[in-house]
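Here is a short report on a structure. It covers domains, chain contacts and model confidence.

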Amino acid sequence: MPEHATSQVSRTETGVWTPRIVGFLCYWCSYTGADAAGTARMKYPANVDIIRVMCSGRVDPELITTAFSRGADGVLVCGCHIGDCHYINGNHKTMARMPLIRKVIEGMGIEPDRFRHEWVSAAEGEKFKEVVTDMTAKVTALGPLNWPQLMYDRGVGHGHDLKPWGE
Amino acid sequence: MSDDGNAKGAAGNGAHEPRIGVFICHCGGNIADVVDVQRVASTIGKLPYVVDASTRTFLCSDPGQVRMEKVIQDHKIDRVIVAACSPTLHALTFRRAISRAGLNPFMFEHVNIREQVSWVVEDKEAATLKAIRLISAAVGRIAHLEPLEKRRIPIHPAAMVIGGGVAGLKAALDLAQRGIDVALVEKSDKLGGRMLELDRVFPTNERAKDLIQPLINEVENNSRITVYRNTELVDSSGVVGDFNTKISIRQPGAEAREVEIKSGAILIAVGLDVYEPHDGEYGYKQYPEVIGLLDLQKMMNPDGPTGGKVEVNGKPVKRVAFIHCVGSRQWSGLHKPQADGKINDYCSRYCCSGIMHAAVELKDRFPGIEIYDFHEDIRTYGRGHEEMYTEASEKGVVFLRYDPHKPAQVLTDPQGKAPLIVRVADRLTEGLEVDTPVDLVVLGNGLQARDMSSLIDLYRCSRGADRFLLEVHPKLRPVELAAFGLFLAGSVQGPMDITEATGMAAASASKAAALITQGFLEMDPFIAKVNEDLCTGCQTCLTICPYDAIYRDEEKEIAVVKEAQCTGCGTCAAACPSNAISQFGFTDDQIISEVKMLLGDIQVTTKV
């Protein structure tokens with residue numbers, strides 16, 4: 001691997017394509033749940049990269065579309081179970097928002113399996129592992145999304161979106 | 001969000017360029033055995049604004065921290081990324097270290113490459129690349145960070161206790177004994193609450209009045225406690241440290257008087273209600289011989305209306321039946337729901353012990369009395385309670401057990417030997433149907449949350465599915481409500497006996513006293529902020545905030561965040577249709593830049 005390479009080069013360097021999935025996790029339940037999987041030394045695919053937010057209610061639809069437009073093959077949003085939210089009912093807003101986001105994404109021609117919303121508690125390391133494993137398998141089966149190219153083919157999108165991995 | 005929301009975007013506005021220091025921890029071999037930390041450091045070291053990227057065997061160790069402080073100073077680093085274990089473990093350690101090096105503690109980003117990388121990814125190459133991606137993302141995010149300060153909220157040195165039952169009295173006294181001024185607000189005209197209705201209480205068998213009266217006297221004679229009786233909560237404003245509650249006090253023959261009470265903390269001790277069986281439930285209100293456990297307490301009380309005689313229809317009672325779980329442990333489909341459609345599916349926790357206690361006392365006071373106990377289960381779990389169960393058995397109480405789906409029936413005695421019979425299929429004798437003639441049926445009626453809608457509206461209390469108020473965490477923060485400065489004292493939180501209620505009240509007083517005597521509350525700075533120029537005053541955020549921490553400035557027609565009340569969930573920032581709200585520490589710019597760097601932005605790869 002060349003010294004200058006950053007992660008995204010790996011997909012071509014190693015010759016095997018594996019999906020890039022962005023995971024937005026709330027700090028109090030799901031992020032801690034992901035930690036629990038680690039503490040228990042569970043093994044799961046390396047494809048979901050976690051971005052920590054304080055509450056899943058912080059996940060602005062724009063963050064999800066940005067991830068897709070920048071080359072993510074899938075997006076996962078995890079929050080506390082209903083009734084367990086550290087912020088009383090922040091996750092109720094997530095619950096209300098996610099089906100709408102799903103509709104928008106599907107309307108853009110993105111397959112439903114590329115977007116997933118799950119409740120993962122701080123104790124559910126096992127569940128987090130299963131979600132990541134299952135989602136990685138499904139997105140792998142779908143293949144690369146390549147949304148920027150998709151948009152370009154349809155005559156929309158910008159230059160920088162077209163080449164998210166560099167010139 | 002800025003269109004150029006990548007790491008480079010942060011250099012705009014003429015501000016000096018970020019100088020990022022990246023510290024990668026081996027964690028012994030925990031990380032370094034799987035992740036090639038040298039390769040990570042060399043790759044990350046070439047990213048924009050990264051002036052130094054180094055690795056260390058144990059970054060959290062004292063020498064590790066000292067070294068970090070030196071690197072920060074030598075390289076004039078102004079923001080720090082630590083890639084190590086989970087931030088839940090050591091974020092605070094490293095924030096302190098960078099503070100010591102002279103940086104703002106919030107110019108810091110913690111990347112979890114242990115719990116979320118080296119411990120879960122088997123393939124070394126994949127783990128190394130994942131670590132690089134996550135740290136690149138952090139570079140994107142940290143380039144946009146701004147120095148933040150912890151919020152310090154002053155706490156007014158007084159408490160308000162709502163409810164003058166045993167829990168409220170105990171909490172008020174405990175607070176006063178710590179030198180804190182207390183306003184005790186009681187709805188009725190007297191202090192003492194439900195204990196005023198009781199005779200002897202388990203497990204010590206003391207007279208309730210001997211326990212509650214000294215407590216009332218102590219409260220009334222304590223110069224730090226101001227008691228308000230005949231009150232109604234009218235309005236509340238303010239937040240933790242500075243609550244202002246308006247109460248109205250009823251006065252005989254005069255108009256109600258309004259008083260405003262200022263307090264740093266509020267303890268809620270409004271108690272609960274006893275379940276009132278519906279008409280006909282086990283013959284309740286259908287037969288005069290069917291009463292509740294508290295009615296029996298009144299009868300047995302020598303100072304009560306019957307002078308301690310236990311009689312029905314003018315005749316001494318010779319045969320008594322107790323029925324457990326009335327209004328508790330209900331089954332949907334089997335039991336009639338309450339007005340809100342819910343059933344009481346929980347255990348009321350006092351009734352089994354209360355029944356054993358009453359049975360023993362009846363046996364002691366009325367030799368020859370026959371006692372039959374009808375139950376699904378018996379749960380005498382408290383200290384000294386199982387002994388009462390044993391004593392009841394030894395004194396000849398007869399126990400019959402039924403299936404909850406085939407509950408006991410209370411009927412008129414077809415043979416006319418007694419006023420009533422209790423019919424059960426007794427599981428202890430393989431389902432044998434038994435008719436037991438009795439003179440009196442005592443229902444072990446359970447406990448349920450009272451209507452607290454106005455209280456909940458005033459203070460934004462969270463509530464469990466069982467309608468009782470809900471603590472933040474049952475084990476770790478058992479007496480705090482989610483909104484800061486509100487504490488739960490006693491059975492407002494769920495069914496409790498007196499022992500448990502006073503214990504919880506004492507815990508609540510102690511938590512409130514800790515807050516008040518400290519004098520201030522320190523809170524994370526990750527709160528929401530409204531950009532006045534962008535806000536259209538649409539009020540979407542007002543409806544979405546879980547804490548009621550946003551109000552509308554009617555003059556400017558914009559939303560304003562109440563800083564002390566905001567807990568920093570960021571839900572409003574996500575919902576704002578005009579992008580006018582951002583969350584400190586989690587701004588759109590920061591997160592979007594994080595996403596872009598995570599997915600490999602142009603600038604990153606071309607920088608060699």
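How many Å apart do the C-alpha centres of domain 3 of chain B and domain 4 of chain B lie? They lie 55 Å apart.

## Basis

This is a predicted model; local features need pLDDT of at least 70, side-chain atom pairs count only at pLDDT 80 or more, and totals for chains, interfaces and linings use all residues. Residues are numbered from 1 along each chain as its sequence is written, with chains lettered from A and ligands numbered from 1 in the order in which they are written.

## Domains of chain B

Chain B has domain 1 (1-148), domain 2 (158-272 + 449-520), domain 3 (279-440) and domain 4 (524-584). These bounds come from an automatic or database domain assignment.

## Contact with chain A

On chain B, 52 residues are in contact with 47 residues of chain A (C-beta atoms, placed from the backbone, within 7 Å). Elements giving two or more residues to this side of chain B include α1 (37-44), α5 (124-142) and α15 (588-598). Helices are DSSP runs of H or I, at least four residues, numbered from the N terminus. α5(B) gives the most, with 9 residues.

The side of chain B that touches chain A has 27 nonpolar, 15 polar and 10 charged residues. Asp, Glu, Lys and Arg count as charged; Ala, Val, Leu, Ile, Met, Phe, Trp, Tyr, Cys and Pro as nonpolar; the others, Gly among them, as polar.

## Confidence

Mean pLDDT (the predictor's confidence in each residue, from 0 to 100) is 93 for chain B, and 96% of its residues reach 70 or more. The complex has an ipTM of 0.89 and a pTM of 0.73 from the predictor.

In chain B, pLDDT stays under 50 over residues 1-6 and over residues 601-608. Where pLDDT is low, predicted coordinates should not be read in detail.

Definitions and conventions
Two residues are in contact if their C-beta atoms, placed from the backbone, lie within 7 Å.
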